[in-house]
Amino acid sequence: MKSNQLMEHFETLAEKLGLQIIQGKGDFNGGGCIIRQDKVIVLNKMKPIEQRLRILAHEFSIMDLEGIFIVPVLREYINQHTVVTVSYTHLTLPTNREV
């Protein structure tokens with residue numbers, strides 16, 4: 001699927017969720033933020049569209065999208081670009097070494 005079509009699907013999904021996607025110019029990459037209690041996703045329109053799509057995929061991947069219809073190709077794109085977070089627990093293991 002073409003990048004412009006993916007962008008349109010992201011915009012439709014944002015509309016369904018009541019989110020706003022803002023595209024502007026500046027010295028930033030983009031990402032999600034809250035402006036006056038509204039969740040928005042800010043994109044730098046000077047960055048390549050592939051980078052903007054990855055930012056959107058990441059932002060939507062951390063939202064609860066259960067029960068929301070998402071065009072299959074968009075859901076697949078989001079799943080492919082999901083950042084996996086792994087948490088580690090610090091364990092102290094006994095040692096049998098003599099000092």
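Leucine 43 touches Met7, Ile21, Ile22, Gln23, Gly24, Phe28, Arg52, Ile55 and Leu56, with residues up to four places away in sequence left out of the list. Contact here means heavy atoms within 4.5 Å. The model is predicted: local features need pLDDT of at least 70, side-chain atom pairs count only at pLDDT 80 or more, and totals for chains, interfaces and linings use all residues. Residues are numbered from 1 along each chain as its sequence is written, and side-chain values use heavy atoms, without hydrogens and water.

Leu43 also belongs to the largest nonpolar core, which holds 20 residues. Such a core is a set of buried Ala, Val, Leu, Ile, Met, Phe, Trp, Tyr and Cys residues joined through side-chain atoms within 4.5 Å. Phe10, Leu43, Leu53, Leu56, Phe60 and Leu74 touch the most other members. At least two residues come from each of α1, β3 (38–44), α2 and α3. Helix α2 gives the most, with six residues. Helices (H or I, at least four residues) and strands (E, at least two) are DSSP runs, numbered from the N terminus.

The structure holds two aromatic pairs. Rings of Phe, Tyr and Trp (its six-membered ring) pair if their centres lie within 6.5 Å; planes under 30 degrees apart count as stacked, over 60 as edge-to-face and the rest as tilted. The ring centres of phenylalanine 10 and phenylalanine 60 are 5.5 Å apart and the planes stand at 20 degrees, so this pair is stacked. It links helix α1 (residues 3–17), which holds phenylalanine 10, to helix α2 (residues 49–61), which holds phenylalanine 60, across 50 residues. Phenylalanine 10 is buried, at 0% relative accessibility. Phenylalanine 60 is buried too, at 0%. Buried means under 20% relative accessible area, exposed over 50%, and partly exposed in between (1.4 Å probe, protein chains only).

Phenylalanine 10 also pairs edge-to-face with tyrosine 77, at 6.2 Å centre to centre and 75 degrees between the planes. Phenylalanine 10 lies in helix α1 and tyrosine 77 in helix α3 (residues 72–80), so the pair ties together parts 67 residues apart in sequence. Tyrosine 77 is buried, with a relative accessible area of 13%. Phe10, Phe60 and Tyr77 form one aromatic cluster.

Strand β2 (residues 30–35) pairs with β3 in the antiparallel sense, over six bridges. Two strands pair if DSSP finds at least two bridges between them. Isoleucine 35 stands opposite aspartate 38 in β3. The two strands form a hairpin with two residues between them. Arginine 36, in the turn, has a positive phi of about 50 degrees.
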